[in-house]
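Here are my notes for you, written as numbered points. Keep the viewer open while you read and look up each residue as it comes along.

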Amino acid sequence: MNADKVLDAKGLACPMPIVKTKKAINELNAGEVLEIHATDKGAKSDLTAWAKSGGHELLQDTEDDGILKFWIKKG
Amino acid sequence: MATKVAIIASNGSLFDAYKVFNVATAAAASDAEVGIFFTFEGLNLIHKEGHKQLPIPEGREHFQEGFKKENIPSIPELLEMAKEMGVKIIACQMTMDVMSLDKDAFVDGIEVGGAATFIQYASDANITLTF
C-alpha cells in the first residue's frame, strides 16, 4: 500500500508509538496516508483506538515476524 | 466531541509517575485537553530535581531491569512531551506552603493553584482520574 510518510516506531514502548504517530500525522494533509512500523504489542489496539478518537481511518494492518505495520489515512 | 481529561496526581513514586504521565501523554496525543493537579507526594513528579530520581516502591527494585529492557521512556522525557503537547500542570499551593517550596523548585511552565482551581478546570471534564 502506498504511503505519503513512513514512521519507524520499532522498539518504542507505550505511549511512545501513539505520541510519535500524533506528531507524524500533524505533518500530513487530510487524505494522506501514514505508514507506521511498531513492535509494541499494545500498538494494535492502541493505534486502532487512537485513529478512532482522532477521526482518522485505519486502512490496513499487518503483522510479520513481530513487526506490526499500520496504514492510517488522516481525517 | 472534544474530550477533556482532569487528573489528580497525589503519590510520588516512580510507578505513580508512569501511571500519570502515560495516561496524560496518550490522552494529549488523542487530541484531548489534559490538566493534572499535583498535590502532596504528587508534587515529587514535577519537582525540578526530584522528578529525575523518583523512588521505586520497596521490594520492587527488580522492575528496574524491565524498564530498561522494554525501552520505557524516562520520566523527564515523558514530562517534557506532556508539556510540549500542551498538558496543563497545576501545582497545589497548599502543599507547597506546607513543604516550604516556591514555584522555582519546580519544572518550568507550571501553574500554581488551589483545590478550587482544579474543581473549576474539572467541572466540564468527561474523564476524571486520580492516581
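**Notes on a predicted model**

1. Let us begin with one pair of residues: A:V33 has A:K73, in β4 of chain A, as its bridge partner. Please keep in mind that what you see is a predicted model.

2. That pair leads us to two whole strands. In chain A, β2 (residues 33-38) and β4 (residues 67-73) run antiparallel to each other and are joined by six bridges. If pairing is new to you, strands of a sheet pair through backbone hydrogen bonds, in either a parallel or an antiparallel sense.

3. Now step back to the sheet. Chain A has an open sheet of four strands, in the order β1-β2-β4-β3, with mixed pairing. At its edges lie β1 (5-9) and β3 (57-64) of chain A, each of which pairs on one side only. On average, neighbouring strands are turned by 15 degrees against each other, direction ignored.

4. Two helices of chain A pack on this sheet. Helix α1 (residues 16-26) touches β1, β2 and β4 of chain A, and its direction makes about 160 degrees with that of β1(A). Helix α2 (residues 43-54) touches β2, β3 and β4 of chain A, and here the direction makes about 5 degrees with that of β4(A).

5. A word on annotation: an unreviewed UniProt entry lists residues 7-31 of chain A as "domain: UPF0033".

6. Next, look at how the two chains meet. The contact takes 13 residues from chain A and 14 residues from chain B. Between them the chains bury about 1100 Å², with 60% of it on carbon and sulfur atoms. On the chain A side, A:P15, A:V19 and A:K22 lose the most area to chain B, together 36% of what that side buries.

7. Is A:K22 buried or exposed? This residue of helix α1 of chain A has a relative accessible area of 15%, which is under 20%, so A:K22 counts as buried. Beyond its neighbours within four places in sequence, A:K22 is in contact with A:W50 in its own chain and with B:A29 and B:D31 across in chain B.

8. Finally, the cysteines. How many disulfides are there over all chains? The count comes to zero.

Definitions and conventions. Residues numbered from 1 in each chain as written. Chains lettered and ligands numbered in written order. Predicted model: local features only at pLDDT ≥ 70, side-chain atom pairs only at ≥ 80, totals over all residues. Heavy atoms only, no water. Pairing = 2+ DSSP bridges. Axes fitted to C-alpha atoms, helices over the stretch in contact; angles between N-to-C directions. Contact = heavy atoms within 4.5 Å. UniProt positions renumbered as here; feature names shortened; annotations may be inferred. Disulfide = S-S within 2.5 Å. Buried area = accessible area lost by both parts, 1.4 Å probe. Buried < 20%, exposed > 50% of the residue type's maximum accessible area, 1.4 Å probe, protein only.
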